[in-house]
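Okay, thanks for coming, everyone. Let me put the model up and walk you through a few charged pairs, then the sheet.

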Amino acid sequence: MRHPITAGVDGSPESLAAADWAAWEAQCRRAPLRLIHAWMLPPRTARTAQAPEMRKLWAQEALEYAKARLLADYSGVPVSTELVSETAVEALVARGADSEMLVLGSHGRGAVGGFLLGSVGLHVLALSKSPVVMVRRNGRERAGLGTGDVVVGIQDPPESAAPIEFAFATAAAHGAGVRAVRAWAPVPVFAHGPRSRRLLDETRGTEPGERERQRLAEAVELWREKYPDVPVTERVERGRATEVLLGSAAQAGLMVVGRPAHRPAVGPRLGHVAHALLHHAACPVAVVPHAP
């Protein structure tokens with residue numbers, strides 16, 4: 001049996017939108033769907049919250065409501081629920097370990113609102129060993145990719161295959177295409193430092209951006225062969241990665257970016273590109289840990 005797709009449900013409209021997206025994904029991948037609600041609160045928050053037995057009862061009702069709602073629209077998807085006596089971060093990271101992906105709701109609206117995906121979302125994104133998809137409640141009529149392609153940002157090193165594989169597998173499940181995008185910023189003539197010197201050495205004797213096109217082609221070559229029916233567009237754009245990927249996300253059905261697999265020493269860290277996409281991209285954003 002396939003690993004489940006897991007969605008976090010907390011009763012909010014954003015989490016219901018995420019559950020809907022997860023159900024559509026489960027249907028396309030022929031995978032089971034698991035809805036979880038972690039009702040325990042951190043000690044500081046619990047002191048001023050309602051009684052534990054009331055929180056637990058409300059959480060169970062929220063789960064049952066979400067399940068009934070999804071079964072009405074996705075009758076062919078096996079849906080299970082799990083009420084977890086843990087805090088949200090602990091529960092989501094643990095359940096994500098045996099999931100194809102975690103799906104969470106985000107109510108980010110711009111640079112300030114985006115941070116309101118909150119400490120839970122940020123910690124899960126930074127700690128999860130499985131891909132995490134953040135879905136906004138954006139008023140679309142239905143879940144899924146729609147007519148948009150799956151866009152994947154090709155990072156350094158291009159050998160980091162996990163985000164690329166996730167993008168191709170998702171596109172194959174939906175009958176969509178993949179747009180592989182790599183940003184290219186020319187190295188300043190008077191650049192200093194080991195990395196700058198290495199980049200200058202690598203690009204010497206080649207046309208501007210040609211080395212980046214070669215890296216992009218090498219990065220997706222294996223996945224082109226594994227998924228021959230998935231249409232692929234390769235695109236190298238001049239500019240900063242944040243700007244290039246945000247521009248590409250405008251018409252995307254899903255945006256996929258990677259992050260280092262190691263656990264940060266202090267606090268959740270995703271990198272500025274992932275942060276910008278989570279704050280500003282209108283489409284769902286998948287953050288995929290690189291293979292360790």
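Salt bridge here means a side-chain nitrogen of Lys or Arg within 4 Å of a carboxyl oxygen of Asp or Glu. Glu100 sits in the loop between helix H4 (88-96) and S4, and Arg2 in the segment before strand S1 (5-8), so the pair ties together parts that are 98 residues apart in sequence. Helices (H or I, at least four residues) and strands (E, at least two) are DSSP runs, numbered from the N terminus.

Quick caveat: this is a predicted model, where local features need pLDDT of at least 70 and side-chain atom pairs 80 or more, while totals for chains, interfaces and linings use all residues. Residues are numbered from 1 along each chain as its sequence is written, and side-chain values use heavy atoms, leaving out hydrogens and water.

Buried or exposed, what is Glu100? Buried, at 18% relative accessibility, whereas Arg2 is partly exposed at 41%. The cut-offs are under 20% relative accessible area for buried, over 50% for exposed, and partly exposed in between, with a 1.4 Å probe and protein chains only.

Next pair: Glu82 and Arg95, at 3.1 Å between the closest N and O atoms. Glu82 is in strand S3 and Arg95 in helix H4, 13 residues apart.

**Now the sheet**

It's an open sheet of 10 strands with mixed pairing, ordered S3-S2-S1-S4-S5-S10-S9-S6-S7-S8. Pairing takes at least two DSSP bridges between two strands. The edges are S3 (79-84) and S8 (232-238), each pairing on one side only.
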